Amino acid sequence: MSDGFRPLSAEVLSDSWGVLTRHRFELRRRDGTWQEQVREVYDRGHGAACLLHDPEGGTVLLTRQFRLPMQVSGQDPYLIEVPAGLLDGAAPADRMRAELIEETGYAVGPLEHVTDLVTSPGSVSEYIALFLGTYSRADAVTEGGGDPAEGEDIEVLHLPLSDALAMIGAGTIRDAKTIVLLQHLALRRMRAGGPV
């Protein structure tokens, strides 16, 4: 904890899907004075996400699924994303492997940890461990599609990397973790002198 932060109170407003807590605290400003503030923090746990790339086929493995917050905000609710899931107490790489099988049907080899991404630090406590990995069509062990008991109905997409990058510019891919991983892979391939 920072010596410039003094917690005053914390009130749980909801603990259904995640935990929403209203915090009252004092924060020391740069001029040395203390200012009382009230903020709400949504805690849904931490997660992991992974972009799989088929180096021979030149494709990336993405998913498309319904996202209620997009529907509620009047946007297209079917987002194209990298496979992802909550850690639920597991190590990020282990959880990601299980999530890849559940969502996409692919069991893969080593995963490379890229970074831990914070997407909305003003209101959400979550970080997402980002991974890269490779796959081939021979790695499919199930049909994927997610867990119906969790309300998942996930479409699996195999897209050329160049198409996925163009979809960012067109606004078809808007998910932050997905954009970060696609651009990371593209930069890596450019540095290596390979096609994007």
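This is a predicted model: local features need pLDDT of at least 70, side-chain atom pairs count only at pLDDT 80 or more; totals for chains, interfaces and linings use all residues.
Along the way, Glu 26 stands opposite Glu 36 of strand 3. There is also a charge over a ring: the charged end of Arg 6 sits over Trp 34, 3.6 Å from the ring centre.

Turning to the aromatics, a search of the whole structure turns up three aromatic pairs. One of them is the tilted pair of Phe 5 and Phe 25, at 5.3 Å centre to centre with 35° between the planes. Phe 5 belongs to strand 1 and Phe 25 to strand 2, 20 residues apart. Phe 5 counts as partly exposed because its relative accessibility is 27%, while Phe 25, at 10%, counts as buried. Tyr 106 and Tyr 135 make an edge-to-face pair, with 5.3 Å between centres and 80° between planes. Tyr 106 lies in the loop between helix 2 and strand 8 (112-117), and Tyr 135 in the loop between strand 9 (128-134) and strand 10 (155-160). Tyr 106 is buried at 6% relative accessible area, and Tyr 135 is buried too, at 3%.

Finally, most residues other than glycine have a negative phi. Asp 88, though not a glycine, has a positive phi of about 50°. Asp 88 is in the loop between strand 7 (84-86) and helix 2 (92-104), and its 66% relative accessibility makes it exposed.

Definitions and conventions
Residues are numbered from 1 along each chain as its sequence is written. Side-chain values use heavy atoms; hydrogens and water are left out. Helices (H or I, at least four residues) and strands (E, at least two) are DSSP runs, numbered from the N terminus. Buried means under 20% relative accessible area, exposed over 50%, partly exposed in between (1.4 Å probe, protein chains only). Two strands pair if DSSP finds at least two bridges between them. Rings of Phe, Tyr and Trp (its six-membered ring) pair if their centres lie within 6.5 Å; planes under 30 degrees apart count as stacked, over 60 as edge-to-face and the rest as tilted. A charge sits over a ring if NZ of Lys or CZ of Arg is within 6 Å of the ring centre and within 35 degrees of the ring normal.
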